[in-house]
Amino acid sequence: MAASMKERGAGRTDGELEDIELELFVRALQARHGYDFSQYAPASLKRRVQQLVSTHDSGTISALTGRLLHEPAFLAPVLEGLSVPVSEMFRDPEVFSALREQVLPLLASYPQINIWQAGCAHGQEVYSLAILLEEAGLYERTQIYATDFNEAALRHAQEGIYPAREAQLWSRNYLAAGGSHTLADYYSARYELLKLDGRLRRNVIFANHNLVTDEVFCEAHLVLCRNVLIYFSDPLQDRTLGLFRDSLVRGGFLCLGTRESLDFAPSAVDFAPVDAGLRIYRLGAKPPRAG
C-alpha cells in the first residue's frame, strides 16, 4: 500500500503538483485570515498566485503559503495581488454616456438616491460617477457606497491621488462620455501626480465588503459592479447577482462590465435590459424572499 501511494505521488506532473499547492494556498488563506477564494475562476486565480510567487521571490506557491501562515503583515500584499484593482476614469465611456442619458434622468425622480459601487478598486469609477452626478445636478441628494474587500485599495481610493500620466487618457474618456466641462476642472496636478477635488468625496462612503461572504450592503437605486464577475466561478456569479438583485429597489438599475452578462444567470428573469450591449439592466418586480 505504501509503495503504491509513493508511486502515485512520484507520477505527478509539475502542473498537478502546482494545482495541489494552489488548493492548499486557498485553504490556508481562508483558515488563517478568513478570505475565501475557492470560488474564483481557477485559471485567473492561478495566474495571480503565480504572479505573487514571482513578485515576492517565493520560488513556489508552497513557500508563498508558508509566508501567508506565519507573517501577518504578508496578508496585505497578497490581497493586493489577488484583487488586481485595475481601472481608469470613465472606463468604457459609452457606458457612462448611457448612464448619463438613460439612467440618471430616471433616478432624478427620487428625493434621495443611493448608489452601490461594488468592487471599487482604486476609486477611479467612483469619482467618475460623482462627476456624472455633479453635472446632472443630482450629487447633493446622492449617497455613493464604494466597497471593496481590499483595505489597501480602499485607502488608495479615499486618497484620490493618481499618476499624472493618466490625465490625457482620462480626459479623452470624459469627453467621450459627454462631459460638459474639462476633466482638469476636477483635479489639481503637482509633482507628476494629480489629486481629485475633495468635493467629489463629500457624498462617498468607502467601506469593506466581501462579495464572496457578506450579505446585502444597502438599499440601492443603482448598483455598479464592473469587471469583477469575470473572475468568479458560475456559482459565485449567481450568488453575487442575487445579492445585487436583493439590494435594489423595484425599478432599480444594475450596471455590469462589458465582458459580463446576465444571459445565463438565474436572476436574469428579474431584470429587463436597458442597454444589453452595454450591460445595463433594470429590476422588475421584487421577487419574494424565501422563508
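Entry 1: I began with β9 and strand β10 (residues 280-283), which pair in the antiparallel sense over four bridges. Within this pair I found A272 opposite R282 of β10. I note that the model is a predicted one.

**Entry 2: a helix on the sheet.** I then looked up what lies against these strands. Helix α6 (residues 93-107) packs on the sheet and touches β1 (113-118), β7 (220-225), β8 (248-256), β9 and β10. I recorded an angle of about 20° between the direction of α6 and that of β10. Helix α8 (residues 151-159) also packs on the sheet, where it touches β2 (142-148) and β6. For α8 the direction makes about 165° with that of β6.

**Entry 3: the whole sheet.** In which order do the strands of the sheet stand? I read the order as β6-β2-β1-β7-β8-β10-β9, in an open sheet of seven strands with mixed pairing. β6 (204-208) and β9 (271-275) each have a single partner strand, so one side of each of these edge strands lacks a neighbour in the sheet. From one strand to the next, the twist averages 20°.

**Entry 4: α6 against α7.** I followed α6 to helix α7 (residues 124-135); their axes come within 11 Å and cross at roughly 45°. Because of that angle, I list α6 as oblique to α7. On the α6 side I found F96, L99, R100 and L104, which meet E125, S128, L129, L132, L133 and E135 in α7. By class, the residues of this contact of α6 with α7 are six nonpolar, one polar and three charged.

**Entry 5: α3 against α5.** I next examined helix α3 (residues 42-55) and helix α5 (residues 75-83), whose axes come within 9 Å and cross at roughly 135°. It follows from this angle that α3 is oblique to α5. The crossing in which α3 passes α5 is right-handed. I listed L45, R48, V49 and L52 of α3 in the contact, with P77, V78, G81, L82 and S83 of α5. The residues of the contact of α3 with α5 comprise six nonpolar, two polar and one charged.

**Entry 6: the chain overall.** I counted ten helices and ten strands in the secondary structure of the chain. The C-alpha trace spans about 75 × 55 × 30 Å along its principal axes.

Key: Residues numbered from 1 in each chain as written. Predicted model: local features only at pLDDT ≥ 70, side-chain atom pairs only at ≥ 80, totals over all residues. Heavy atoms only, no water. Pairing = 2+ DSSP bridges. Helix = DSSP H or I, 4+ residues; strand = E, 2+ residues; numbered from the N terminus. Axes fitted to C-alpha atoms, helices over the stretch in contact; angles between N-to-C directions. Contact = heavy atoms within 4.5 Å. Parallel < 35°, antiparallel > 145°, perpendicular 65-115°, else oblique. Nonpolar A, V, L, I, M, F, W, Y, C, P; charged D, E, K, R; others polar. Left-handed = near helix turned anticlockwise from the far one by under 90°.
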